[in-house]
Every structure is written in structure tokens, then in C-alpha cells.
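Open the model in your viewer and keep the sequence panel beside it. The tour below goes from one selection to the next.

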Amino acid sequence: MFDLSILFASVLNGITTGAVYALIALGLTLIYGVLHIINFAHGASLMVALYGVYFLKEKIGLDPYLALPIVVPAMFAFGYVLQRVIINRASHGKDENILLVTLGISIVLENLALLFFKSDTRNIETAYTLTTVNIGTAMIALPKLVAFIGALVVSAILLAVMRFTFLGRAIRAVAKEKHGARLMGIDVDHVYAMCFGIGSACLGAAACFLLPAYYVNPMVGNGFVLVAFTIVVLGGMGSFVGALVGGLLIGVVESIGGLYLGESLGQVGIFVIFIAILLLRPQGLFGVRT
Amino acid sequence: MNLLEVKNISRAFGGLRAVEDVSLNVPVGSLTALIGPNGAGKTTLFALMSGFLRPDVGQIVFDGIDITGRAPHLNALLGLTRTFQIVQPFASQTVRENIAVGAHLKFAHRDEALSAAEAVAERLDLHVQLDKPAADLTVAGRKRLELARALATQPKLLLLDEVLAGLNPQEIQEMLPVVRGLVDDGVTVLLIEHVMQAVMNLAQHVWVLAQGQLIAQGTPSEVTQNPQVVEAYLGHGTAARLLKSQQVTHA
Amino acid sequence: MKDFSSIAGFVLLVGCIPFFTDSGVVLNFVMMALYACLLAQAWNILGGFGGQFSFGHALFFGTGAYVQVMAQVHLGWNPWIALLSAMVMSAAVGFSVGALSFRYGLKGSYFALVTLAFAEVFRIVALSVTFTGAGVGLMLPLRESFTNMQFTSRAGYVWLVLGLVALALCTTAWLRHSRFGAYLQAVRDNEDAARAIGVNPFTVKLWATVISGALMGSGGAFYVQVFQYIDPSLAFGPHTSVEALVGAIVGGMGTLWGPVVGALTLHVLADVTRNLFGQLPGINMVVYGCVLVLIVMFMPRGIAGIRLHLFKQPVKTPSVGKERA
């Protein structure tokens, strides 16, 4: 129906977007895989990070990529504190409570943003915003290409941390057996907060890569939450590789869906996949069925 | 007449054969027990009988009807009810309301169910606590509640999973006549029990499960003297050692 | 019975308010407060009594709203008939979503996510399809008369929504004193124990979704009659979903009056905030969000709630697809 070159460009676009989606989902995978928390505030946290990157550019002219060393640690701290101070206290050990608390947090964050920044959609302009790169017959926006590479790099770092560091081992221990880990002397509350922090830090990185090619407004988080969850569920809860693959897949689905069905209706494909996965294959592509 | 017939059922989880080729028949009006060391598969067997799990092979016939793989609530409608090893009260409700849920199987009207619940509570000595929240009961109380709730469904066969677990000796003494009373009232009872005193006291027939397989059956005294059973509980070679030590003391 | 007499008292009391005052401000307040009560009560039936937390209840709201408008504008139906059809359609949507979700054993967070996903799907479809007016939405032409369910004074709307609230209250009271309600709460408290004593969790949860959906749909239909306009984000956006659930949770889930108390409290809070801070966009929701977080942290039972001792263990791995016998 569409000729091959358009399809090719669409797929490439989808892959680049998908890589950023994957980065967003990676943080969520970590949080869910370890804490078994459905973090409804994930999208709103991304929005916070995006605004951070935006204002750094607008107020002090800091290029988003150069803002990484600021935004990532800041988001880490944000996530750490959020988990330690609010979410942990509210859980009382029940899933439902965490669900509600993170929902509440997302509402507060989104509407505070609405309050302070109004509902205007904002984007930034940099020297390279409009530059494109030729790959085969397709023209890909440079920021998107950078985002793609950046997402892969961050994912690799995350995987390395989980594999090779003491923290990574502690996290995996807590994920498997919380009480046993505590008995081994691991500070479980700290590990939980670290996970949340790292997950949020991933969002910080994602925001730096995302903003040049995208935009920000207070409601932007909503769109990302469901997409992120779709990816996490599709990839298999707790599987990083799954989140990566899932992210790329979803990016491509969205892109091709948009091609055939138009911008807004194309999004439906994602949610339909989400519902289908939840119903038919809840363990996702890489997860393990209990 | 056999109320429940279990025919060669097996169930595996991945590589683990939880129940392997088990067959047994529960006569109507009897009080029988299923014993065996931890992890033998007793609760799994209950789950298979009551419909919470589907057997991989085999057949289960209840009151002449094939109930293999039938959903638990449908089995309850037929008269097969089970309790749980770890008590599961409806924590946000009172004792009366808890039992009423069971009674509703037979009584559609709220008022009728509530009075039926009261009657069952009286039988099991729970009437003092009728309006207490179920979450406030002691372990013994919760066990009684679990029993009461199941009893309110007016079952033909009651599968009791370790109804005496967690009770102190006094409470066990108080529970024994209650269980015996069930059979006197016409309910067939099959117990999973670890408290040997109860098994000896109550059961007319005992099945022994070890590592998923039925290794012995008979009267309580037959079964406890069976060397295979001793081995299953106390380890390989124990039967011989016990025999030897007895000979030494007699010498 | 105690419940029904208190409901009757409430209805009489509130119903008399329009006789004592002509003030548009007061009547508007009462009307919107009752509207919030209706939404919270609808959510409470599935969430509070059924223990299934829906994060996308706007799904039913939007369905009701759109059907109400479309039946009148596209089919020329009388609004009172349209109201019935709106409730029927919302119930049907509830049936479908419930059947799918519960057939596949969705619970807890997964159920919440799926309802959110469905709401989003409906929103996107409404946004893209012409007969729902696409992004522009649909308008209800102004024609005030009783038969047309449009009233010159707010009093008419107050009585209309009061009627719906009374319906919701009576439904809730019925839940508290019926076998279905006992079964529903049993499933909420412990699904396996309920199954063992003859309760079919699937049908029970399904019908709860249907009832909850129908009532929520009536809220949507009411909204459209009052504001005479609906668009995809008003209909299916998160705002309404949140309003419904926060009201029920704050007031106390699983009770008769909890949602009323909660919705009223939030409404008053929202009004007070508006008076203090002016018409700042989003300030209401900030308050709702904070209240939600605080209530969950310090008063999880809500203001009037029951003890929801959920004995469930936190999910270690997805327990979505349970063993099906």
C-alpha cells in the first residue's frame, strides 16, 4: 500500500522513538521488577524531568545533552526521596495503597505543573533540532538518532550496574527474597529507594534525549505512562532485555499505525496490544509464568 | 456407598510430581483422615478434589457425578466444601456475616441466611462472638469460624485441611467432639491432620501420602505400625532402628 | 429498614433545599456536590464493595454522555428515553470490559491498568470518528422543558441528580442486605475462600461492573444535560475517573454513606481552595491528589470506612493468569 521507502522511513522513525520509549520503560521495569510497585507517577516524573531540561535550556542556555550530568543526578535524588519519604510510608504493605499513592502523586505533579507553567506546549530550539541524517533512503532527524544511541548506551550501563556491582546484586537479592536479604544485612528500604532513584534517573536521561525531538506540557506524562506500561508488560515484567525489545516494537507499531491510520488513531494500536497482552499472555515476551 | 471416588489422579507442576497416581474411596457417613509428612501433597490432593486444581490424569466422582476439573463453587453446590490450611476469614466482616456467606448457598434471603448463620454459630460455640469482626478472633476462633462457614453450606462431604493446626492442647480437646459431632449430624468428613492424637481418636480409616504417592492405608493403628509409614515420617532406616531398640530393651 | 429510612431522610432533606432558596450559587453547589456523590457511589460499587479498583471509570461516564447526546441529536429520541439507553449502553460496556478482564483473571493493578487502557482507546476513537463529533465534540441544542430534561432553574437539575443519587444509594443499600452483595464482598475479601463455599467470582464481579457502569453512565448523561456539551477528553479523560475514585476512597470504601461524605468533603475543599486562590487552573486537582496521598498514608479506611484488611501478599511475580481448574 505504501511504497517501501516510506515504510522503511517509518520503521526507522519507529525504532528511534522506540529506543527512547525503551529507556523510559527500563526505569519502570526496575521499579516494578524489584519493588513490585506499579508506579503510576512514572509519566509525571518524566514530565518533571522534561521541564527541568527545558528550563535549563531557556534560562541558562544549557544544551540538553550537556544537561545530562545535572538532570540525571537530580532526578535520582527526586526518585530516592519520593520513595523513601512518601511511597514507602504509604504502602502499609498493600499493593492497592501504592497504586493509589502513586496515582495521587502523579495528579499533584501534573496539576502543579499546570498551575505554574500553564498548559502551553513548549519546545526548544537548538542548532541541530532541524538537522537530518540520511540512512539509506530515509531522512532521520539528528536528535532522534542521538536519542537512539543514547538510549542504548544508558541501557547498557544499567544492565552492567545490575550485573557487576554490589548494588546490582543487592537489588536482585531484594527482588527475589526481601526478608532473606534483610537478614543478610542488606538495608532493604535503602535498596528500594535506590531502585526508585535509578528508575527516575533513567527518566532524567530520557528527558535529555527526548526534548530536542519532542515537546513538553503538563499532560505529556499521561501519554507516556500507558505506553511505558505496555512495554513493561509486553517485554515481561522485570526483564530489561524485554523492555528494550518491547520498546522498539512499540515504537515501530506506533509509527506504522500512524502511517496507516493517522496520528491519533495510530495510537490505538498500542493500547489494543496492551489489552491483548494483559489478557492473553500476561508474562509478556520474555517473562516467566508463575 | 462411596461418596467420593478418586481414581488414579496425578498432578505435576513443571518437573515436580506433586500427586502421583492416587486412588481412594471415601464411604458416605465416615470420618477419615489423610496424613503424611510435610510436602507430601495432601493439600494439593484437596485442591484437586475440590476443583481448585485440575488433575493431569484421572477422574474424580462425587455422589455419582464426575466432577473432574469442575470449578470449586459448582462443587460446593453439589455438597463438597473445603476449608483452608491457613485460615481465610472475610476480614472486613463480622462472624455472623462470614457464616452467612456460606448459608447463602442454601438460603437466598438475607434474613434466612443470617438466622441460619446464627444457628450454625450456636452449634460451634461461636454465638458469643457473632457480632465481632472476624479479624478480632483468636486462631482457635478463626478455625471454628472457617468450619462454621463451611458447615453453613450444608455439605455432604467436608474436606478439613488441618483444622487443629495452631491450637493448644486444651483447644484441641474442645475441637475433637465438634468434629465428631459433624459426622453424627450426617456430614462425611475427610481430614488432613498432623495432630496424631486426633487422627487416632477420630478417624475410622487413614490414608498415608508421601512424596505424592499413597504408601499405606488402613485403620489408624494399622497405619501407624506400618514400617513404611514410619520411614516416611522419620527417615530411611528408622523402622529397623526402632525395632532393634525395642528388642534391646526387651532383652 | 434503617438504611432505607436514612436514604429517604436524606432525599427529603436535600430535595427541600430548592424550596428554601432561590440562590443560583447555592443550588449550583448542591447540584455539583450531588453529581460528585453520584460518581463516587458508582465507583464504590465496583471498587469499594467489589474490591476491583478501576482507574478508567470515565469509560462508562463518557459512554453515557455520548449516548445521551447522540440519541437526541442523531436519532431524535426523548432525553428521558435517552437516559435509559445511556445507562443500558454503559452497562453493556461494563459487561464487555468486565467479561474480558475477569475471564482472564485480571486483578489489582492489572485491572486498574486495563480499565485505563480501555478509557484511552475510547477517547482516541471518539477523537477520530465523525459521528462523535471528533475533536470538536457534540452539543446539545438548548430547549428548556421538562420533557426535554432541560430546566430553566437549577432546581430541576438538582432534583434530577438527586433522583439518580437516590437510585445509587438504594442500590448500595441493596448490596448491603442481599445475597449478591454478601457474595460480592466475600469475593473482595478472599476470593478463594468464597469459591470454596459456592460463590462464582466471575459472575459476581461481572454484574458489579455492569451495575457500576450503568450508574456511572447516568452521571455522564446528567453532565451532558447540564452543560450541553461533550468532547473526548471531557468524556474519557482522567479527570472524571480520578474524581470518582478519590471521592469514594476519601469518604470510605464499601460503605453506604462513605462516598457521599467523601465527595461532599472534596467538593467543599475544592470550593474553599477556589475562594482562597482564585480560578487557578489545576489547583483543584492538586488538592485532590494531596488528599488522596494523605488519606492513603494516614487514614486508609477513609473518613467513614470499614477495615479493609486485605490479607493478600504483595505480588512477587505476575499472578495474572491463575491456574484455572
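Which residue takes a positive phi in the hairpin of β4(B) and β5(B)? Select Asp63(B): its phi is near 55 degrees, and the hairpin has 2 residues between its strands. Keep in mind throughout that this is a predicted model.

**Stop 1: the sheet of chain B**

β4(B) covers residues 57-62, and β5(B) covers residues 65-66. The two run antiparallel and are joined by 2 bridges. Select Phe62(B) and you will find it opposite Ile65(B) in β5(B).

For one place to look, select Glu5(B), which stands opposite Val61(B) in β4(B).

**Stop 2: a proline in chain B**

Select Pro169(B), which lies in helix α6(B), residues 169-184. Is Pro169(B) buried or exposed? It is exposed, because there are 9 other C-beta atoms within 10 Å, and a residue with 12 or fewer counts as exposed. Next, draw a distance from Pro169(B) to Leu214(B). These residues are 45 apart in sequence and 29 Å apart in space, C-alpha to C-alpha.

**Stop 3: where chain C meets chain B**

Show chains B and C together. Here 25 residues of chain C are in contact with 32 residues of chain B. On the side of chain C, the elements that give two or more residues are α7 (179-189) and α8 (191-196). The largest share, 6 residues, comes from α7(C). Coloured by class, this side of chain C has 12 nonpolar, 7 polar and 6 charged residues.

**Stop 4**

Select α9(C), residues 201-227. This helix has 27 residues and reaches 39 Å from its first C-alpha to its last, close to the 39 Å expected at 1.5 Å a residue. It is mostly covered, with 23 of its 27 residues buried. Move on to Gln228(C), which follows the helix and has a positive phi near 55 degrees.

Then select α13(C), residues 283-298. Its 16 residues should span 22 Å at 1.5 Å a residue, and its end C-alpha atoms are 22 Å apart, which agrees. The buried residues of this helix include Asn284(C), Tyr288(C), Gly289(C) and Val296(C). What do the buried residues of α13(C) pack against? In chain C they pack against α11 (238-251) and α12 (258-277), and in chain A against α3 (68-91) and α4 (95-117).

**Stop 5: where chain A meets chain C**

Finally, show chains A and C. The contact takes 45 residues from chain A and 46 residues from chain C. On the side of chain A, two or more residues come from each of α3, α4, α9 (220-235) and α11 (263-280). Which of the elements gives the largest share of this side? It is α4(A), with 15 residues. By class, the side of chain A that touches chain C has 26 nonpolar, 14 polar and 5 charged residues.

How values were computed:
Residues are numbered from 1 along each chain as its sequence is written. Chains are lettered from A and ligands numbered from 1 in the order in which they are written. This is a predicted model: local features need pLDDT of at least 70, side-chain atom pairs count only at pLDDT 80 or more; totals for chains, interfaces and linings use all residues. Two residues are in contact if their C-beta atoms, placed from the backbone, lie within 7 Å. Helices (H or I, at least four residues) and strands (E, at least two) are DSSP runs, numbered from the N terminus. Ala, Val, Leu, Ile, Met, Phe, Trp, Tyr, Cys and Pro count as nonpolar, Asp, Glu, Lys and Arg as charged, and the others, Gly among them, as polar. The expected span of a helix is 1.5 Å times one less than its number of residues. A residue is buried if 20 or more other C-beta atoms lie within 10 Å of its own, exposed if 12 or fewer, and partly exposed in between; C-beta atoms are placed from the backbone. Two strands pair if DSSP finds at least two bridges between them.
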